[in-house]
Amino acid sequence: MTTPPDGAAERPGNSSRSVRFRTEIGLTRPEPSDRSDAGEPVEHWDALVVGGGIAGLTAAWELARAGLRPLLVEARGYTGGLVAAGMIAGVRMDLGAEGFAMRGDAVISMAEALGLEVIGPQGGGAHLFLPPRPDEPEPPPSADDPAHGWRLHRFVRNAVLGIPAHPLADDVVALIGPAAAERAARDAHLGDIGTRPGDPADLASFVRARMGDAVLDRLVGPIVAGIHSSDPAALAADTVIPGLRAATARLGSLQAAVAEALERRRARGRKADATIAGGLSRLTDALRSAVEDAGGRVLTRTGAQWLRPAAAGTGGESADAPGTRPLWDTAIAPTRRGATPSDEPVPAGPVRIVRTPRVVLACSAPAARRLLDGAGCTGAGLLIPSIPSIPVGAPIARFMLVARVPDLEGAPVGSGLLVAEAESCPVRAKALSHLSVKWPWIGTELAARHGPDVHALRLSYGRPGESRPDVDLDRALADIRVLTGRRIAPDDVIDSALVRWDGTLPP
């Protein structure tokens, strides 16, 4: 998973600043118990976790809960990966992921174990920003309509990722048109189409086969692009919505499968998405603290340089299975930033060796490939026959601003909106979140610091296949005017920051 620019957020205009996500832990360490063949000091740990994003922190936490003493190393200057926070206008806000989909119990059970509160978004729901339907007359060009006929529509009420449980419902018909809704409703009579062993398994093909192009393009596509930063054609349906194809085969239709999923969600009293009270980064903070409180250690600005099996007779046996569990040596070293903020950090000091029977790789794909190839783990007849080619994620930019805007008090876009992809789109942003409405603690803290009528907005840029988005304050304010119908003057902006996540979320 790609991290943001190594602890830096860009400030638009002629100035820049660094946002320090977290104080780094020093490289103090226990006295080495022996040395490697090359003479480097060797430390013994119950487990080594490479990568300090949400995956690595979760792995280290689970190891600590099992009674083991893990060491986690993160080559960048902070932990959390895509779940990172920074200060905007003096208020802590999530700079990357701000919530999670309520698809299972993993995050909720983790939050409960860590004493955190899970809450849903506020603000009256989200919207889609869509072009006119193909069956509607094209509106004449007008200088008074900077949206060029594009309009806001509320999310379909009974849907999962935009897939409707009732294709002929009024809100579905309003968004896709009567003919497209009739086509979608024919899903009830299509038998096992899209669920057979030879059928394409990607989400786009599945939705198109069952409900047609309009549901895919106007409902599912914008939502998937906003949540997963990917084209539905690049995502496996069973990964994005586990069990949906099997439920479609069992129940005889996709709409019935969606209705069943919604009923399960309602029975649990859950919304489609949620976060941690105070921000999702509270979760990664708590995971790190729990690992360290349990006797583990977390080192930032420390990267794994190579991984290999420990030489026979080196004296480091596994405590829980002496003489039977293979041991691994990993060289770790201090790091500094790479050539660009998105590049993997590079070593900046002498290595030392960590010897352990358990190594978890929870780092970016290039780093994992480098470590596995160097360990001789890949190839014919070996532990991992081959590592598949890794697709490249989208170059995402998040522009966050805090401004004094009385006209936004009515929350004209609710908690936010997602923008459909089309050549005629009048904005470059793919999403907008009204953060101070969606997450009330942000609005409360802003009001306490800056008085009334102060709002936090976040615009997201960057779609798969596009070049790195060029975003500045003028572009953001122009997009806000089109998407919300409210004009913000540059002088009304209290603070802003541009945060980049290049190569994010490869499908």
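Close-up 1. Beyond residues up to four places away in sequence, T330 touches L48, A304, W306, L307, R352, I353, V354 and V359. This view, like the others here, comes from a predicted model. T330 itself lies in strand β18, which spans residues 328–336. Is T330 buried or exposed? With a relative accessible area of 2%, T330 is buried, because buried means a value under 20%.

Close-up 2. The strands follow the order β16-β6-β5-β21, and their pairing is parallel. At the edges sit β16 (297–300) and β21 (359–361), each of which pairs on one side only. From one strand to the next, the twist averages 15°. If you zoom in on strand β6 (residues 70–74), you will find 4 bridges joining β6 to β16 in the parallel sense. Within that pairing, E74 stands opposite T300 of β16. Helix α1 (residues 54–65) packs on the sheet and touches β5 (47–50), β6 and β21. The direction of α1 makes about 170° with that of β6. Helix α10 (residues 281–293) also packs on the sheet, where α10 touches β6 and β16. Here the angle between the directions of α10 and β16 is about 125°.

Close-up 3. Strand β7 (residues 85–88) and strand β8 (residues 91–94) run antiparallel and are joined by 4 bridges. The hairpin has 2 residues between the strands, and A89 takes a positive phi near 55°. A89 is found in the loop between β7 and β8. Leaving aside neighbours within four places in sequence, A89 contacts V402, L446, R449, H450, I494 and D495.

**Close-up 4. Nonpolar cores, with a look around I163.** In soluble globular proteins, nonpolar side chains tend to be buried together. In this model the largest nonpolar core has 68 residues, and I163, L401 and L483 have the most contacts inside it. Setting aside neighbours within four places in sequence, I163 is in contact with N158, V207, M211, V220, I241, L244, L254 and V258. A second, separate core has 22 residues, including A89, M400, W441 and I442.

**Close-up 5. Helix α5 against helix α6.** The axes of α5 (residues 203–211) and α6 (residues 213–228) come within 8 Å and cross at roughly 145°. Their crossing is right-handed. On the α5 side the contact is made by L203, A204, V207, R208 and M211, and on the α6 side by D213, V215, L216, V220 and V224. By class, this contact has 8 nonpolar, no polar and 2 charged residues.

**Close-up 6. Helix α8 against helix α9.** With axes 8 Å apart, α8 (residues 244–251) and α9 (residues 254–267) pack at an angle of about 115°. This crossing is right-handed. The contact brings together L244, A247, T248, R250 and L251 of α8 with L254, A256, A257, V258 and E260 of α9. By class, it has 7 nonpolar, 1 polar and 2 charged residues.

Key
Residues are numbered from 1 along each chain as its sequence is written. This is a predicted model: local features need pLDDT of at least 70, side-chain atom pairs count only at pLDDT 80 or more; totals for chains, interfaces and linings use all residues. Side-chain values use heavy atoms; hydrogens and water are left out. Axes are lines fitted to C-alpha atoms, for helices over the stretch in contact, and angles run from 0 to 180 degrees between N-to-C directions. A crossing is left-handed if the near helix is turned anticlockwise from the far one by less than a right angle, and right-handed if clockwise. Contact means heavy atoms within 4.5 Å. Ala, Val, Leu, Ile, Met, Phe, Trp, Tyr, Cys and Pro count as nonpolar, Asp, Glu, Lys and Arg as charged, and the others, Gly among them, as polar. Buried means under 20% relative accessible area, exposed over 50%, partly exposed in between (1.4 Å probe, protein chains only). A nonpolar core is a set of buried Ala, Val, Leu, Ile, Met, Phe, Trp, Tyr and Cys residues joined through side-chain atoms within 4.5 Å. Two strands pair if DSSP finds at least two bridges between them.
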